[in-house]
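This briefing concerns the confidence of a model and selected points of its backbone geometry. Please consult the sequence and coordinates shown here alongside the points that follow.

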Amino acid sequence: MKIMLVDDSKTMRNIQKSVLTQLGHTELAEACDGQDALSKVAAFAPDLILLDWNMPNMDGLTFIKTFRQADKSTPVIMVTTESERARVVEAIKAGVNNYVVKPFTPDILSQRITETMDKAAA
Amino acid sequence: MDAAYITPFMQSIQNVFATMLQLQVQVGEPKVKSGHQATFDVSGIIGMSGDVVGSVVLSFPTDSAERIVALFTGESISTDNADFADAVGELVNMVAGGAKGRFEGRKVSISCPNVVIGSDHTVTSQKAVPCIVIPCDTDCGEMCIEICIQDRKTQNAQAAEASATA
């Protein structure tokens, strides 16, 4: 499975890469903000995107709104510190499929990925 | 400053460090900070806007920061490496984000973090807003959170009430 990691923090991308590699996912691409992700997503054609919210240049909410105009189906999990209910609802309405609040454990990230991919395959 | 804005930071820093670093944080008694001199040499700074405005600083002595960053990233990183600042920035991002999620009935946005490294630097915050320092201790060394925020929603409501009764 090809997974794109979109986060302005290299540290967080590395943590996510480490978790995903342990889960057996090795086809990974990285983007440092929404703009960077938009420029790479078509060529990489991910099966899943992990998306941060607060990023410079283009935040995650703007990315998902733009991305969903062209791609309605690729699953996207928002991975963010934004934990308020209103934010979660806003992200889901914008087209996010699932949500992980930072800080997270490897088990939570793994569980959300499995849930999301199972739902997408159903 | 209302304790309702202090407790969330205590809970958040303990949650972030326990979850991401498996590191317990002992939180000390909050106190009012005097002056703009940074408490320690490494400052991760994040701004808040919306119903609550101001800044939050996660401040570390260099040796504590080096140990904590090594635990967080899984590798030893020198302070002049950009990855060091990135890691400190992500920590303050999670602490501030976790705290604001615990503010009752307030809609708050946080900025992207900035990190300043160097002895004797200053972090100037808003005038007339008291800055609260929460000392913290861990097995990797000490650190603190400096909170300099004000509740704009309450202030605006009080101003509107005063204007109405004038």
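The mean pLDDT of chain B is 92, and 99% of the residues score at least 70. The model is a predicted one, and the predictor assigns the complex an ipTM of 0.93 together with a pTM of 0.93.

**Confidence within chain B**

- The lowest confidence in chain B falls in helix 4 (residues 152–165) of chain B, where the mean is 79.
- The highest confidence in chain B is found in strand 1 (residues 26–27) of chain B, at 98.
- Where pLDDT is low, predicted coordinates should not be read in detail.

**Cis peptide bond in chain A**

- K102(A) and P103(A) are joined by a cis peptide bond, with omega at about 0°.
- P103(A) lies in the loop of chain A between strand 5 (98–101) and helix 5 (106–121).

**Positive phi values in chain A**

- A45(A), a residue other than glycine, has a positive phi, near 50°.
- The loop that holds A45(A) runs between helix 2 (34–44) and strand 3 (48–51) of chain A.
- A45(A) counts as exposed because it has 11 C-beta neighbours inside 10 Å, and the cut-off for exposed is 12 or fewer.
- N57(A), also a residue other than glycine, has a positive phi near 70°.
- N57(A) is placed in the loop between strand 3 and helix 3 (60–70) of chain A.
- N57(A) has 13 other C-beta atoms within 10 Å and is therefore partly exposed.

Technical notes:
Residues are numbered from 1 along each chain as its sequence is written. Chains are lettered from A and ligands numbered from 1 in the order in which they are written. This is a predicted model: local features need pLDDT of at least 70, side-chain atom pairs count only at pLDDT 80 or more; totals for chains, interfaces and linings use all residues. Helices (H or I, at least four residues) and strands (E, at least two) are DSSP runs, numbered from the N terminus. A residue is buried if 20 or more other C-beta atoms lie within 10 Å of its own, exposed if 12 or fewer, and partly exposed in between; C-beta atoms are placed from the backbone. pLDDT is the predictor's confidence in each residue, from 0 to 100.
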